[in-house]
Amino acid sequence: MTVFLIRRLMQAVVVLFAMSLIVFVGVYAIGNPIDILISPEADQLERERAIHALGLDLPLWEQYFVFLQRALTGDLGRSFAFGAPALQIIVERMPATLELAVAAMGISILVGIPLGMWAGFRPESFGGRAIMAGSILGFSLPTFWVGLMLIMVFAVHLGWLPSTGRGETVEVLGLQLSIFTWNGWTHLLLPAFNLALFKMALVIRLTRAGMRENLLMDYVKFARAKGLSPGRVIFVHVLKNIMIPVVTILGLELGSVIAFAVVTETIFSWPGMGKLIIDSINQLDRPVIVAYLLITVSMFIFINFVVDILYSVLDPRVRLKEMKS
Amino acid sequence: MSIFARGAFVMVISAVSAGTAGAADLTIGLGGAVSAMDPHYHNVATNNMVNRHIFGRLVDQDAKQTLMPDLAESWKAIDDTTWEFKLRRGVKFHDGSDFDAKDVVATLKRIPSVVNAPSSFRIFTGQITETVVVDSHTIRLKTATPFPLMPVFMAGFAIISDEFETATTDDFNSGKAAIGTGAYKLKQYVRGDRIELTRYDGYAGTKPAWENVTIKQVTNPAARVAALLSGDVQIIDQVPTADLERLKKDKKIGVSSVVSNRVIYLSMDTNRDQSPFVTAKDGKPLAKNPLKDVRVRKAMSMAINRPAIVDRVMEKQAIPAAQFLPETFFGTSKNLKVEKFDAEGARKLLAEAGYKDGFAITLHSPNDRYPNDEKIAQAVAQMLSRIGIQTKVEAIPFATYSPRATKLEFSFMLWGWGSGTGEVSSPLRSLVATYDREKGNGPSNRGRYSNPKVDELLATALRTVDDAARAKLLAEASEAAIFDVAVIPLHYNINNWATRAGFSYEPRTDESTLAMGVKAAKR
């Protein structure tokens, strides 16, 4: 376990370093953010002053060196646009995105697994076929379009749910959370469902495939022959076995939901991290872009780590120390 | 259902809908992004628009950008280099302290000292060499050279209380220092999401209609329209042109429009002998840069069918342009008319200049900056190709476009210019005055156009304190530049706002969306 941990940590440091260098050079190559930030009415001297104030007049390697030095002390720089520490801006937005991601994951698990199990258990029934047909829609409809349709139906025509933004928040353990207010839930429901749709389809398909495969296995026949109730066979023995691929995929998907819920957050004006990264890219706000991607990478590394541990819990045959990466 | 029951049902419904949003509350769906509550941090239209709710200025601009007294009751030039501002008495900041000359002094001191400002407000105060406090409500601003634009520039920045002269941007964002004299107090600023305001009862001017105002950032156009249709917001700005017709037909929605101070124009490299994106049709370099010849530029202008672009590409949300600003603005010329579309004449003129077979050129354009920018460029390219100038369009995101253009990498470009000052010296000085770093002339002159006559007229105008004489000089400078086709003006954008029924908005030429301008319409 310890060896596994240390190896993982060292890999993480290398990945983070490479990542920061690539992003830094990449954003530098795109252009100079001052052109976007500064008022068009500013004269040449004012422009030069602003460039100097943001440290953009230094050569690239020097800018990167300053960044590295500060990064080692935990300071990832100040946003060019907002003037506040990049890390603080991202952390401010994190609760909103985490809320959305957890709600979307919750919906896709709570709906996806039972439906997938049913479709795997009764593949030829009408219900099973309908579920599979529905999951194809979940895969193939673009999130952008579905989001707008959800707004048109539930916000504009029916007027049941609000169309934009986040609801009232309450402070819980220092975080601004909206899942504890009714108003917050009404705002959360549409974007969470929109985000969940694709994952839901994925979970349904994985669960169904696992279900069909496992039902034919010897251990199921044996369990049945032993006289176990069908409920126990399916919900204890089969379920445990089909969860391994589902957990792997959900782990990776959770990462991508948190980091790249860009489309959904934009359509619903959800003040989360996805919207932040898009705005920052448009403004070439390099400190925020770099900090954001560093956080994202750390998050993926952490999620993969948790997934590996979950494997060993679900399947005792998997030993952590045998895992190479 | 009996009549009584139905009546009760209706009453319940209306009570419920009234409960969701109080009668005197307003929510605005804003297309732009706001970067700070510090009014001296980032000189950008959306920030200025939001901080106008909270802070007063010495001089205000009305919906047509005409100067209005605000914290200064009156102003006059007492000699060539001194302006005197009489301050309004009895004005109180949100925290109850009195407004007087020391607050103006504190503001002028703070503006150049804001750290990390990506776009400083120093451009409005840099000309002031000395500030003299005559008495508690009179202040004199001295400049090195005559400076007729002083009142216009004083409309550019917010006045803060002297208590917060050394406050940081964070102090303003948290609301601690966001204490102004404006019609609204800052309740909460949630970065990237919304700004909540409450009415300030001690406001010196006209009391606004709305008690609580929420300004929500809804940057996605489709989402903004949906938010309006669903009633989440009562007014939106930057209405997408594609949705406009539908919204106008909707009985629950009202639309208000006005021509803006923003001109969309084409800029050409008129300086270099060899321009990077101008070649012969076979790709070989030309002997000299055809864009240096005024006949070629004139022919290009004549070849563009502006009414067609306005009709088809802009879906009528623009007006063909003849100069830098619509005629109603200060310093515009009455003699300039929209260039008439004349492909035949253009071809002749081109032949006369020695380009009978035309040449090849690349038109660079942003694709995310101005309404329909890329489509306009495509239309222009087709029109120019018809007179033999083979035009290719390269449309790229503004984040890449603008830095490359500033490095003079392009030959032919599409740009827009909004005059924040509401008069013609702003585009003349930035776009067509000869590039001069020391004098601050031509910072956005990316074709490096240079015409001594324009420079001379503009320089004289900028020294002339008398308004009528200055307007005449600016008009002459505009004429000199346009006759020489310094740039090719295409059209002025129209600004649109859409409101729910029961609300109306007085449209503003400066593109601002102000809660003070939203009225409860009579049904």
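The pLDDT is the predictor's confidence in each residue, on a scale from 0 to 100. In this predicted model, chain A averages a pLDDT of 83, and 97% of the residues of that chain score at least 70. Among the elements of chain A, the highest mean pLDDT, 88, belongs to helix H5 (residues 86–121) of chain A, whereas the lowest, 74, is that of strand S1 (residues 170–172) of chain A. Where pLDDT is low, the predicted coordinates should not be read in detail.

Chain A meets chain B through an interface in which 50 residues of chain A are in contact with 49 residues of chain B. The size of an interface is often given as the accessible area lost when the parts come together. For chain B and chain A, the area buried between them is about 3900 Å², of which 51% lies on carbon and sulfur atoms.

Polar and charged interactions also link the two chains, with 16 residue pairs in polar contact, both residues being at pLDDT 80 or more, and with three salt bridges counted between chain B and chain A. One of these salt bridges joins the side chains of Arg437(B) and Glu48(A), with a distance of 2.6 Å from N to O.

On the side of chain B that touches chain A, at least two residues each are supplied by helix H4 (122–125), strand S10 (212–217), helix H7 (221–229), helix H13 (398–406) and strand S17 (412–418) of chain B. The largest share, six residues, comes from H13(B). By class, this side of chain B comprises 23 polar, 17 nonpolar and nine charged residues.

Definitions and conventions
Residues are numbered from 1 along each chain as its sequence is written. Chains are lettered from A and ligands numbered from 1 in the order in which they are written. Side-chain values use heavy atoms; hydrogens and water are left out. Helices (H or I, at least four residues) and strands (E, at least two) are DSSP runs, numbered from the N terminus. Contact means heavy atoms within 4.5 Å. Buried area is the accessible area (1.4 Å probe) that two parts lose on being put together, summed over both. A salt bridge is a side-chain nitrogen of Lys or Arg within 4 Å of a carboxyl oxygen of Asp or Glu. A polar contact is a pair of N or O atoms within 3.5 Å; within protein, one must be able to donate a hydrogen and the other to accept it, and residues adjacent in sequence count only if both atoms are side-chain atoms. Ala, Val, Leu, Ile, Met, Phe, Trp, Tyr, Cys and Pro count as nonpolar, Asp, Glu, Lys and Arg as charged, and the others, Gly among them, as polar.
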